[in-house]
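Please look at the sequence and the structure before reading on.

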Amino acid sequence: MTSGPVRSLRPHRLVPMSGRNPQDAHRAATPLELLYDLTLVVAFSIAGSQFAHSLSAGHVWSGLLAFLFCMFAIIWAWMTYAWFASAYDTDDWGFRIATLVQMLGVTILALGIGDLFAGFDEGVLDNGVIVVGYVIMRLSMVSLWLRAARDDPHHRSVLLGYVKVIGGAQIGWIITAFVPLPIPLLLVLMAVLYATEVGGSAFLESREGRLPIHAHHIAERFGLLAIITFGEVVLGTTTAVEAVTAETGWTLDAGVLAFSGITMVVGMWWVYFSIPYGEILSRRRTLRVRWAYSHLAIYSAIAAVGAGLHAVAYYLEHHSELDAVNTALTVAIPLCAYVVAVYMLFHLLLPGRDAVHLWLIVGTIACIAIGVVLAVAGASIAWAVLVLTVAPWISVIGYEVYGDGHIRRELAKL
């Protein structure tokens, strides 16, 4: 394997995709990867805003389904690209053009999110634009898989497997978008496509041979997308505070909301980055796929917290069909889902069990419940959100006081 993406002295030449050395020292995200990630900022923002609008309109379940549909398309396509780039990024003109195509696909996908939410609210699946953007992204990946299969015979079977399984699934997605089907048949087809995309990738990685993924690089890439997703919480906070100040100017409630939202996102960030993912994944290679898949839930929960705070803004502007309790739940439920997902990820990577972690989980969920109870009791939504803010900080304190030593002990066993 080559030790890095050695650029040719003649830029018109393609660098062979023979595979990066997974033991490279100081491997970091490239400027191209960071540029690509910026397109996801727009996609997350539109999805979060549309979800908040659906919540405030009282379309909770249809909005949730549309939101999850969008999040899967955005996150899953990005994950596949990040996974491949960690193993084969050559940074030559061919790879850059393929990345450009990916970025175009994300942009088109984002432009179709509004239609999807509107369709779900009306009981129809209007996913044509999203599917076009998604398929464009996947066809870009097919070209990269084929190119790597040509240059890396050791991993050719898994790379060609991706071409057949994931590439073939795009035919199914096109059918869901452009062929009228009865709802029961459509749901069955979509279930098969989800199983093919997710299960097929897991099968190929586990049975056909794992790609030369760089553990620290892929951990950094997933962490960077987590930071981008945390930006949705900051956006939701800003929108909520703006709603208060537009109505009454700066008040105690506005200050509490500003403090709560920013403090909440820092606590969520702190909890996620308390775990040394790169070090663990370098020692436990068999967990990499499950670790990556867990981020479908983690990213979705983070973005949903931001959408919930945006729904708080609609409530404060008196533009919401939700009452105070249900508005508080729009933040409390995804926050609870985030905490549970991170704890489950922690125990996947470091499976040592003890009473302290159990009490941290119980304390965190109890704090979230208290925030909702405050809303039930008639407290201001700002104060309910303030109590919800404490929840991730229970985990932060637990990790700082106890968790670091626990992590060291578990790492020593690997």
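Predicted model: local features only at pLDDT ≥ 70, side-chain atom pairs only at ≥ 80, totals over all residues.

How much space lies in the largest pocket? The answer is about 490 Å³.

**Largest pocket**

- Its lining consists of 19 residues, and those nearest the pocket centre are Phe51, Leu64, Ala304, Ile333 and Pro334.
- At least two lining residues come from each of helix H1 (31-56), helix H2 (60-88), helix H11 (288-316) and H12.
- H12 contributes the most, with seven residues.
- The lining of the largest pocket comprises 16 nonpolar and three polar residues, with no charged residues.

**Second largest pocket**

- The volume of the second largest pocket is about 290 Å³.
- Thirteen residues, written 13 in the count, line this pocket, with Leu65, Phe120, Leu125, Leu187 and Met190 nearest its centre.
- H2 and helix H7 (183-208) are the elements that give two or more residues to this lining.
- H7 has the largest share, at five residues.
- Eleven residues of the lining of the second largest pocket are nonpolar and two are polar, while no charged residue is present.

**Cavities**

- The model has four cavities of 30 Å³ or more.
- The largest cavity has a volume of about 170 Å³, and it is lined by 14 residues, with Met79, Thr80, Trp83, Tyr162 and Ser201 closest to its centre.
- H2, H7 and H11 each give at least two residues to the lining of the largest cavity, and H2 has the largest share with five residues.
- One charged residue is found in the lining of the largest cavity, beside eleven nonpolar and two polar residues.
- The second largest cavity holds about 80 Å³ of space.
- Phe69, Phe72, Ala73, Ile130, Val131, Tyr134, Trp173 and Tyr194 line the second largest cavity, and these eight residues are nonpolar.
- At least two residues of the lining of the second largest cavity come from each of H2 and helix H5 (128-151).

**Packing of H12 and H13**

- Helix H12 (residues 324-349) and helix H13 (residues 355-376) have axes that come within 9 Å and cross at roughly 175°.
- The two helices, H12 and H13, are therefore roughly antiparallel to each other.
- On the H12 side the contact includes Ala324, Ala328, Leu335, Val339, Tyr343 and Phe346, and on the H13 side the residues include His357, Leu360, Ile361, Ile365, Ile368 and Val372.
- The contact residues of H12 with H13 comprise 18 nonpolar, three polar and no charged.

**Aromatic pairs**

- There are 23 aromatic pairs in the structure.
- In one of them, the ring centres of phenylalanine 51 and phenylalanine 67 lie 4.5 Å apart and the ring planes are at 15°, so this pair is stacked.
- The pair joins distant parts of the chain, with phenylalanine 51 in helix H1 and phenylalanine 67 in helix H2, 16 residues apart.
- Phe51 is also one of the residues nearest the centre of the largest pocket.

**Positive phi in loops**

- Aspartate 91 is a residue other than glycine with a positive phi, near 55°, and it lies in the loop between H2 and helix H3 (93-111).
- Histidine 318, in the loop between H11 and H12, likewise has a positive phi, near 65°, and is a residue other than glycine.

Note on methods
Residues numbered from 1 in each chain as written. Heavy atoms only, no water. Axes fitted to C-alpha atoms, helices over the stretch in contact; angles between N-to-C directions. Helix = DSSP H or I, 4+ residues; strand = E, 2+ residues; numbered from the N terminus. Parallel < 35°, antiparallel > 145°, perpendicular 65-115°, else oblique. Contact = heavy atoms within 4.5 Å. Nonpolar A, V, L, I, M, F, W, Y, C, P; charged D, E, K, R; others polar. 1 Å grid on protein atoms, 1.4 Å probe; cavity = no way out; pocket = protein on both sides within 12 Å on 5 of 7 lines; lining within 4 Å. Points joined across faces, edges and corners; volume = space filled by probe spheres on them. Phe/Tyr/Trp six-rings, centres within 6.5 Å; stacked < 30°, edge-to-face > 60°.
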